[in-house]
Amino acid sequence: MPIALSAVIDSLPYLLQGSFITAGIVVSAMLLGLVIGVCMAVGLVYGNRFIKYPLTMYVWVFRGVPVVVLLFLFYFGLFTFLDLNFSAFASVTIVLGMTTGAYQANIFRGAILSLPQGQFKAASALGMSNGQAIRSIVLPQILRMSIPAWSNEYSIILKDSALAFVIGAPEIMARTQFVASRTYQHLSLYIAAGIIYFLLTWAGVIALRKLEQYLRIPGYSHHGSN
Amino acid sequence: MNESSPILRVNNITKSFGDNTILNDVSFELVKGEIKVLIGPSGGGKSTLLQCINCLVVPDSGDIKLEDEQIDFSSKQDLYSLRQRVGMIFQDFNLFDHLTALDNITIALRKVKKISKKEAVKRARLELEQVGLGDKEKLYPAQLSGGQKQRVAIARALAMDPKILMLDEPTSALDPELIGEVIAVIKSLAHKGMTMIMATHQISLISGLADEILFMEKGKIVEQGPPSLLLTSGNSSKSQGFCDRLNELSEVEG
């Protein structure tokens, strides 16, 4: 079957519009996940068991249930039940944000535990409250440390966002399927969609690597870095 | 306050972790300008005692009075105010890795003392100057040697204007050739009349600076007195025996 370049070129503007929607979903979901993840990690490390127990449950649920199940559960189930009229875009963003929040919580938790404990002690010894020490000493360091793992999470969530098509968010996958079903150029169009996803992943990962280098604390040597 | 009345009173402090009693009914007083040195075998409770004084480890029982004010261990405000007035130097420096030498000092001034950035920077520069690191303010901890890190840590503590400085084995994590610069800073503090309590294995600090030696063993102060009394050769005191062993060690190393 020949590659129908013209079909791809004709539909490219339409697909690229979808990539803005995809990017919107992923960026919002990642930022939502960042807020959820940081708060949860702080609770998981410094909280008492009444805080830790529900947070641990949350992590287990969102890691244990497929994203597509969560998506249906929230969009058709929970949001309807609660009479919340969320758009497909908002629903996908919330579900992906809450899912990546669970994973990010573990990323940040690990980073907090890997920080030398003495720094927190020194902050306390200077008269800082726990909140001040967490904000001024712990978070600036663990957020830096977590960028490589966060970039991994980005590439996973970007690809999970393709599931948004099942509830009709007009992102890349939904648009590709729409065009493919009309033009019958499945091979060409899904190759094009694949390339767009690949480029989005690549651009995000490179941007995060630049950010990591920019924020690197001087004096720390990294093996294998350039 | 009377000059000779104690600035710090530690009364009957006890601390256990599980069945393990780390501090057993420890009491002592510190007068303004005085330097007390804690010595004794590892695991004797020196470090825990220091951490109990500023409540990084909250004692199980006993009480602490700073400037005639009894500290309520259950009041966070009391603990924060206590810690602002008691500086602490750690064995492994505990500098904030993501901040420059200057910012390591300014951060507590700004967050805790709520001093303006400009004033904080001015004060931090002054303190760095005092410990001989005026030219290193822009460097990060990973770019400093151990001795320089410890001097930044001392500058950081002093910027808070502490009434007392506690030093927990300040030279133990340093390479031998770097110990001298830190000792010099500590000695100059002593000459300026800083009130200090210090755990150390450094003979020159013990015999040269201590007004009083507290020998701790198994969670108790088992011997105390001025070095002139405890550290005379031929004396059968535990402190003398301990220092003799430290001397032997350093001779073996030398």
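Predicted model: local features only at pLDDT ≥ 70, side-chain atom pairs only at ≥ 80, totals over all residues.
A residue is called buried here if 20 or more other C-beta atoms lie within 10 Å of its own, with C-beta atoms placed from the backbone.

Helix H1 of chain B, residues 46–53, is mostly covered, with seven of its eight residues buried. Those seven are B:Lys46, B:Thr48, B:Leu49, B:Leu50, B:Gln51, B:Cys52 and B:Ile53. After H1(B) comes B:Cys55, which has a positive phi, near 60°.

What does this helix lie against? Let's turn to the sheet. In chain B, four strands make an open, antiparallel sheet in the order S2-S1-S4-S5. Strands S2 (20–31) and S5 (69–70) of chain B are its edges, each pairing on one side only. H1(B) packs on this sheet, where it touches S1, S2 and strand S4 (61–66) of chain B, and its direction makes about 60° with that of S2(B). Strand S1 (residues 6–17) of chain B runs antiparallel to S2(B), and eight bridges join the two. To find your way along this pair, look for B:Val10, whose bridge partner in S2(B) is B:Phe28.

Over in chain A, helix H4 (residues 88–114) reaches 39 Å from its first C-alpha to its last, close to the 39 Å expected for its 27 residues. Because 20 of its 27 residues are buried, H4(A) is largely enclosed by the rest of the structure.

Finally, the two chains meet: 20 residues of chain A are in contact with 20 residues of chain B. On chain A's side, helices H5 (117–125) and H6 (130–145) each supply at least two of the touching residues. By class, that side of chain A has nine nonpolar, nine polar and two charged residues.

Terms used. Residues numbered from 1 in each chain as written. Chains lettered and ligands numbered in written order. Contact = placed C-beta atoms within 7 Å. Nonpolar A, V, L, I, M, F, W, Y, C, P; charged D, E, K, R; others polar. Buried ≥ 20, exposed ≤ 12 C-beta atoms within 10 Å, placed from the backbone. Expected span 1.5 Å × (residues − 1). Pairing = 2+ DSSP bridges. Axes fitted to C-alpha atoms, helices over the stretch in contact; angles between N-to-C directions.
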